[in-house]
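The exercises below are meant to be worked through with the sequence and the coordinates side by side.

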Amino acid sequence: MRFRSIVSAAALIVLPALALSRPASAVPMDTVVLQGLDKITARVSTIKVPVGQTVNFGALQITARACDKHPPEEAPEAAAFLEVVEVEPDEKPVLRFSGWMFASSPALSALEPPVYDLVVLDCVN
């Protein structure tokens with residue numbers, strides 16, 4: 001019986017604190033800012049891709065589907081949903097990546113084909 005009252009008291013303290021510390025939702029942004037590396041030429045480029053549009057980087061066609069950024073009161077984070085297709089001459093296009101990339105964890109879901117490397121830097125309006 002005593003254990004039950006301790007658990008109930010702890011729940012009364014912890015649950016309201018969790019409700020108050022609930023993270024704010026991500027803010028949708030208009031443009032993804034990427035850093036692209038051409039491993040053959042060692043050229044590093046900053047690439048801006050508006051959401052809903054496609055931009056070329058070498059043989060890659062990069063399409064941004066969404067870009068979200070945490071509000072200022074949270075830990076910095078930007079995440080983008082990207083589709084990356086590699087188009088080589090005389091070959092069928094190959095989907096190289098489709099998914100979320102995170103600025104804070106580039107290795108989590110990075111695009112690393114033999115020639116190109118892409119990472120998300122930020123989401124901006």
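**Exercise 1.** With which side chain does the side chain of Glu-86 make a polar contact?

*Solution.* The model is a predicted one, in which local features need pLDDT of at least 70 and side-chain atom pairs count only at pLDDT 80 or more, while totals for chains, interfaces and linings use all residues. Residues are numbered from 1 along each chain as its sequence is written, and side-chain values use heavy atoms, with hydrogens and water left out. Begin by placing Glu-86 in strand 6, residues 78-86 (strands are DSSP runs of E, at least two residues, numbered from the N terminus). Next, take the polar contact (a pair of N or O atoms within 3.5 Å, one able to donate a hydrogen and the other to accept it; residues adjacent in sequence count only if both atoms are side-chain atoms): the partner is the side chain of Arg-96, at 2.6 Å. Finally, Glu-86 counts as buried because its relative accessibility is 9% (buried means under 20% relative accessible area, with a 1.4 Å probe and protein chains only).

**Exercise 2.** Locate the disulfide and state its handedness.

*Solution.* A search of the whole structure gives 1 disulfide (a pair of cysteine sulfur atoms within 2.5 Å). This disulfide joins Cys-67 to Cys-123, with S to S 1.7 Å. Cys-67 belongs to strand 5 (residues 60-69) and Cys-123 to strand 8, so that distant parts of the chain, 56 residues apart, are linked. The angle about the S-S bond is -95°, and the link of Cys-67 and Cys-123 is left-handed. Both Cys-67 and Cys-123 are buried.

Methods: Helices (H or I, at least four residues) and strands (E, at least two) are DSSP runs, numbered from the N terminus. Buried means under 20% relative accessible area, exposed over 50%, partly exposed in between (1.4 Å probe, protein chains only).
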